[in-house]
Amino acid sequence: MFNLKGSIVALVTPMDADGSIAWSHLKDLIEWHISSNSSGLVIVGTTGESATLDVAEHVQLIQRAVDIAESRIKIIAGTGANSTKEAVYLTNSAKEAGADAALLVTPYYNRPTQEGLYRHYSFIADEVEIPQILYNVPSRTGCDLQTETVIRLATHKNIIGLKDATGDLSRLTETLEGLVSIYLDQEFLLYSGDDPTATEFIINGGSGTISVSANVVPSIISDICKKALEGNKERALELDKKLNELNSILFIESNPIPVKWILNRLGRIPEGTRLPLTKFSEKYYSETELILKKLSLLN
């Protein structure tokens, strides 16, 4: 049974200046997050620039991550696509690679109906025997997975959770209320996908966070999640408040542009991204460095 809670890092894909994947740095990042007590890693999700990777690279990244992790940390593979056929292929590839679960973003651009979303996810779950997490991020996909559809899908044995990146905490309440009305033989996991509201999300019944900020401060995010899950609301919010500026600057330009610049500035990864993403704007350098200094990440 898949029952992962806490801090799950939406891992960047390290790239050299020419855009090629920096494999040695991928290993370094995974080792760092293991030692930082992160609960899990999402490989080739939005933050991992899945949209700019070809299928072979996508599958190779999942396999490499599983091999490096050696079961020391849970690996969740991003396998969503706007083609159901492609999503099945990627999800099956993740299963064959040994990933612990798959994260499937709603089909982007083609904007399916709620019935289309239900059939899309049901088909993938029928085809591939691996724990699957729904991923709703309408600000990026132009497609909103409604709560009623989530509840319908939650009854499938292979659909075990939801990443909610709406930032709307009322959606969490609606989902929790809806889950009460159905019988499930295992807990349906609810993850925040919005760093600014993630701590409140967990305090109010969430299972954890799939976090961009955890790329930069994994130990702090892990501690926040631990405190929130234990019911220590005051300490969790106290720690979270210290990250307000970081959470803001990480989304001042399209993710993962800011987080990759920060990780490069901290010496963790090379400077590469792939077009159409560009380098972080210089006008934000000083502000970002000041935030890093306040967090004692830079001298």
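**Close-up 1. Pairing of strands β3 and β4 in the predicted model.** Strand β3 (residues 74-78) pairs with β4 in the parallel sense over 3 bridges, where strands are DSSP runs (E, at least two residues) and helices likewise (H or I, at least four), numbered from the N terminus, and two strands pair if DSSP finds at least two bridges between them. Leu103 in β4 is the bridge partner of Gly78. From β3 the chain passes through helix α3 (residues 84-97) to β4 in a right-handed β-α-β crossover, that is, clockwise from the first strand over the helix to the second with the strands pointing away from the viewer. This is a predicted model, in which local features need pLDDT of at least 70 and side-chain atom pairs count only at pLDDT 80 or more, while totals for chains, interfaces and linings use all residues. Residues are numbered from 1 along each chain as its sequence is written, and side-chain values use heavy atoms, with hydrogens and water left out.

**Close-up 2. Burial of strand β4.** In β4 (residues 101-105), 5 of its 5 residues are buried, meaning under 20% relative accessible area (1.4 Å probe, protein chains only). Ala101, Leu103 and Val105 point one way from the strand, whereas Ala102 and Leu104 point the other way.

**Close-up 3. Strands β4 and β5.** Strand β5 (residues 132-136) runs parallel to β4, joined to it by 4 bridges, and Gln132 in β5 stands opposite Ala102. Together with helix α4 (residues 114-127), β4 and β5 make a right-handed β-α-β unit.

Notes. Buried < 20%, exposed > 50% of the residue type's maximum accessible area, 1.4 Å probe, protein only.
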